[in-house]
Amino acid sequence: MLDQYINLLKSGEVVAFPTETVYGLGADAKNPDAIKKVFEIKGRPSDNPLIVHIADKKQVEDFASEITDDAQKLMDAFWPGPLTLIFKKKPEVLDIITAGLDTVALRWPKHPLSQQLIALAGPVVAPSANSSGKPSPTKAEHVKEDFGDDFPVVDAGETEIGLESTVLDITSEPYTIYRPGAVSADDISSIIDKEVIQESNSSTDETAKSPGTKYSHYSPEAKVQWISGGDATFVEEALYLLHSRPAPRKNSRVIHYDGNFNKMAHELYDRFRHADHQHLEYVFIEPFSDEQLQKPIVQALQNRISKAIG
Ligand code: TXA
Ligand code: MG
């Protein structure tokens with residue numbers, strides 16, 4: 001089933017494939033012309049580096065110049081899985097991947113199809129498979145929405161987590177999370193017994209260490225807003241995403257997650273895309289409590305929703 005996609009990758013073409021987080025837009029990590037196509041197809045600025053996806057810890061040695069004890073512990077604890085690690089790069093890693101930085105981001109995704117694809121085609125760079133400015137795709141349909149019906153996508157239905165991986169810089173201490181995901185600072189700290197800090201959400205300046213964080217992120221045409229105070233009166237042209245408080249009304253535009261934050265993460269980008277299809281004016285989201293924000297997936301939700309609010 002994967003043969004045609006493996007052949008496309010080997011011949012320098014770009015293929016979308018599922019991971020446990022979101023769909024990725026893959027290209028051979030050793031082929032600069034193929035990687036150039038990824039930037040063109042997405043409309044991605046060339047100063048935003050890509051994650052290299054591997055399918056074996058051994059492959060880290062092809063890209064990272066140094067594998068510290070902490071790196072080894074983190075790979076052992078969280079790979080395959082939704083943690084991207086930033087290493088010092090080997091000189092031969094292509095500049096187009098790293099946007100000229102002296103570091104490279106590596107991740108071993110968990111989805112069996114991504115593992116088979118990479119095992120047979122070799123390491124691939126893979127940003128999320130959306131046009132720049134759109135939410136990351138969590139279904140093959142989202143990829144086709146952005147890149148056309150004929151675009152090659154390994155279709156495996158909905159991705160499990162629904163939000164992108166945690167990005168952790170381990171090239172200097174204190175280790176820094178540039179993008180929160182399903183693996184949290186506490187999860188990481190508990191493995192290496194070191195403090196891990198979270199880069200603030202508001203790093204929009206040119207000096208942002210993770211270039212991706214400085215770009216304005218997707219926000220739907222609809223205005224995304226936190227529900228403030230007691231105000232949850234029902235507005236017709238809005239989508240409501242609730243998790244704890246009672247619903248103002250039973251209605252297909254009121255989605256209640258009943259504390260199931262994994263489900264909320266799983267669906268968030270699809271809900272955003274859907275709100276735009278329906279030309280809604282607002283997406284109102286119930287804010288998270290401090291206690292809820294202890295959960296890694298809620299921190300990741302908070303981060304992506306705050307970016308959508310702008
Ligand atoms: O879950 C994911 O990580 C998905 C799936 C497909 O694996 N991929 C993904 O890739 O979200 P992308 O390109 O949309 O986001 C990668 C983020 C960007 O914010 C980028 O700036 C950052 O990782 N990044 C990549 N290489 C970096 C580096 N060397 N130093 C700092 N940040 C880096
Ligand atoms: Mg992305």
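Analyst: Happy to! Buried stands for a relative accessible area under 20%, exposed for over 50%, and partly exposed for what lies in between, with a 1.4 Å probe and protein chains only. The model is a predicted one, where local features need pLDDT of at least 70, side-chain atom pairs count only at pLDDT 80 or more, totals for chains, interfaces and linings use all residues, and side-chain values use heavy atoms, with hydrogens and water left out. Residues are numbered from 1 along each chain as its sequence is written, while chains are lettered from A and ligands numbered from 1 in the order in which they are written.

User: Is H279 buried or exposed?

Analyst: H279 is in the loop between α8 and β13 (282-285), where helices (H or I, at least four residues) and strands (E, at least two) are DSSP runs numbered from the N terminus. Its phi is positive, about 55 degrees, although H279 is not a glycine. Because its relative accessible area is 67%, H279 is exposed.

User: Which loop holds D258, the residue with a positive phi although it is not a glycine?

Analyst: D258 has a phi of about 45 degrees. With a relative accessible area of 65%, D258 is exposed. Its loop is the one between β12 (254-256) and α8 (261-277).

User: What is the length of the polar contact between the side chains of T84 and S165?

Analyst: T84 sits in strand β4 (residues 83-88) and is buried because its relative accessibility is 0%. Contact means heavy atoms within 4.5 Å, and beyond its neighbours within four places in sequence T84 is in contact with I51, A105, L106, R107, S165, T166, V167 and L168. A polar contact is a pair of N or O atoms within 3.5 Å; within protein, one must be able to donate a hydrogen and the other to accept it, and residues adjacent in sequence count only if both atoms are side-chain atoms. Between the side chains of T84 and S165, the distance is 2.8 Å.

User: How far apart in space are P123 and S165, C-alpha to C-alpha?

Analyst: P123 lies in the loop between α5 (112-121) and β6 (124-125) and is buried, with a relative accessible area of 11%. Residues up to four places away in sequence aside, its contacts include A27, V52, H53 and F63. P123 and S165 are 42 residues apart in sequence, and in space they are apart by 17 Å.

User: Which residues form one aromatic cluster?

Analyst: Rings of Phe, Tyr and Trp (its six-membered ring) pair if their centres lie within 6.5 Å; planes under 30 degrees apart count as stacked, over 60 as edge-to-face and the rest as tilted. Of the six aromatic pairs in the whole structure, one is F234 with Y240, stacked at 5.5 Å centre to centre and 25 degrees between the planes, and another is Y282 with F284, stacked at 5.1 Å and 10 degrees. F234 is buried at 17% relative accessibility and Y240 at 1%, whereas Y282 is partly exposed at 24% and F284 is buried at 15%. The residues of the cluster are F234, Y240, Y282 and F284.

User: Where is the cis peptide bond with omega near -5 degrees?

Analyst: One cis peptide bond runs from W79 to P80, with omega near -10 degrees, and P80 lies in the loop between α3 (69-78) and β4. P174 is in the loop between β7 (166-169) and β8 (175-179). The bond you ask about, with omega near -5 degrees, runs from E173 to P174.
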